[in-house]
Amino acid sequence: MFNLLVRWDVVRATPVHFGTLTEVAVTGVAVLGASFLLAWGAETAEKDVPRAFAIAVLAILAVAPEYAVDALYAWNAGAGGATTAACPAGPGATERLVEACESANLAVANMTGANRILIGLGWAGIAVFTVRRARQTNDPAVRAREGWLADVVTLDRGIATEVGFLFLATVWAFFVPLGGGIDALDTALLVGLYLTYIVVIIRGDVDAEEEHVGVPQYFQSWSLPWRPLAVLTLFGYSGLMIFTAVEPFAHGLEVLGQDFGIPEFFMIQWIAPLASESPELIVVVVLVNKARSTAGFNALISSKLNQWTLLIGTLSLVFSLAYGGYGVLPFDSKQSAEIWITAAQSFFALAVLVDFEISVREALSIFVLFISQVLLEFAIIQDLAPIPVSSEELLIGYAVAYVVIGAALFWVRRDALKGMLGLAADAGRTAVGRDPVHQEFAD
């Protein structure tokens with residue numbers, strides 16, 4: 001792994017441009033190596049801190065490039081003077097203002113694309129992969145069931161805290177477009193939600209130690225203070241490598257995509273976030289291969305939570321810093337629809353997970369809904385087929401479908417929803433030194 005990262009360090013220090021394809025290959029390999037280091041760091045850290053906290057740190061580091069890309073667009077929007085009053089830029093607007101309004105829309109598009117990829121490809125793909133790998137790993141989290149694609153991955157009930165906070169953030173996200181932009185209220189509520197979540201999990205107990213193998217087992221055998229120093233080194237070095245490698249990796253993919261005629265806006269919404277999400281997905285694959293699918297899904301859900309709270313919440317802050325005063329990050333009606341469909345997809349996915357299981361059939365449903373919308377929208381943008389709706393109407397239609405299906409699932413699983421909310425509430429009580437009151441949901 002270290003050899004993979006050193007190669008990127010050498011290339012980065014060399015003033016010679018090696019070509020787009022070579023750069024994509026080298027940075028992609030560096031991201032792969034850094035992802036392994038992240039996984040080792042998180043597993044080693046479980047000996048000293050609650051697993052949920054270790055995974056939360058891993059999730060933030062793994063998607064740090066996504067934050068950087070979105071922050072760049074939000075900064076450009078603020079520096080260019082984009083406001084809810086000035087955007088969309090009308091006739092006679094300066095080129096700088098037009099670019100600023102476009103950057104504001106790109107910030108939202110990149111954020112919503114990343115969030116939908118994480119569920120549509122991440123949650124769905126890892127669930128299917130986990131069931132398939134269980135034939136070799138004998139993963140105890142996988143249960144065989146009678147019926148068509150009915151095998152399920154069972155999830156740790158400890159993720160009720162993450163699911164509960166994600167549910168609250170999802171409900172709030174439906175109201176974000178109604179304000180005309182991302183403002184201080186959104187920042188205060190969403191960032192506040194995430195900070196509250198961190199307080200809850202960091203005050204939890206260190207989990208019962210699991211059997212680790214390989215590098216994590218070796219580092220866990222170290223004594224204090226060397227073990228925490230090893231964790232910090234793994235996190236720090238891998239985070240730095242991901243931060244420096246993913247941007248050229250994503251940019252290279254954008255260039256290659258444009259060479260094939262893919263629109264720039266489509267590339268920024270889908271290809272760039274796919275690249276920035278890759279470290280997280282690689283880490284989860286590593287965990288699944290070790291029959292630790294529970295920890296893997298915890299990482300995916302934690303990553304979704306931090307992106308759906310911190311990522312959205314900090315956009316307004318970055319925008320205001322660049323603007324030179326308080327400002328609301330504006331976006332157009334198309335991006336309003338993007339936020340609604342992203343919130344609706346999250347609502348549907350939470351309805352799937354509320355009983356702490358996800359079957360292959362449910363995972364494929366999540367994937368099919370996601371990929372069909374992306375392909376149909378691409379066909380509309382490129383005018384590849386006579387589809388009698390606009391891109392915005394397509395997004396609203398899918399958002400309605402997600403909400404209807406999700407609401408039906410929540411109704412059918414209302415007892416499971418009650419149990420999940422009870423467990424999440426108990427985690428909050430425990431964090432403030434009070435006794436849990438919903439022990440009947442714990443098993």
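**View 1. Residues around the largest cavity.** M111, W172, A173, V176, L190, W308, I312 and I339 line the largest cavity. A lining residue has an atom within 4 Å of a cavity point; cavity points lie on a 1 Å grid over the protein atoms alone, where a 1.4 Å probe fits but cannot get out. This is a predicted model: local features need pLDDT of at least 70, side-chain atom pairs count only at pLDDT 80 or more, and totals for chains, interfaces and linings use all residues. Residues are numbered from 1 along each chain as its sequence is written, and side-chain values use heavy atoms, with hydrogens and water left out.

**View 2. The space and its lining.** The largest cavity holds about 40 Å³ of space. The whole structure has two cavities of 30 Å³ or more. Helices α6 and α11 (293-323) each give the lining of the largest cavity at least two residues. By class, that lining has eight nonpolar, no polar and no charged residues.

**View 3. Helix α6 against helix α12.** Helix α6 spans residues 160-173, and helix α12 spans residues 333-353. Helices are DSSP runs (H or I, at least four residues), numbered from the N terminus. Their axes come within 9 Å and cross at roughly 150°. The two helices are therefore roughly antiparallel to each other (angles over 145 degrees count as such). Their crossing is left-handed.

**View 4. The α6–α12 contact.** From α6 come V163, L166, F167, T170 and A173; from α12 come I339, A343, S346, F347 and L350. Contact means heavy atoms within 4.5 Å. These residues divide into eight nonpolar, two polar and no charged.

Key. Axes are lines fitted to C-alpha atoms, for helices over the stretch in contact, and angles run from 0 to 180 degrees between N-to-C directions. Angles under 35 degrees count as roughly parallel, over 145 as roughly antiparallel, 65 to 115 as roughly perpendicular and the rest as oblique. A crossing is left-handed if the near helix is turned anticlockwise from the far one by less than a right angle, and right-handed if clockwise. Ala, Val, Leu, Ile, Met, Phe, Trp, Tyr, Cys and Pro count as nonpolar, Asp, Glu, Lys and Arg as charged, and the others, Gly among them, as polar. On a 1 Å grid over the protein atoms alone, a cavity is a set of points where a 1.4 Å probe fits but cannot get out, and a pocket is an open set with protein on both sides within 12 Å along at least five of seven lines; lining residues have an atom within 4 Å of a point. Grid points are joined across faces, edges and corners, and a volume is the space filled by probe spheres set on the points.
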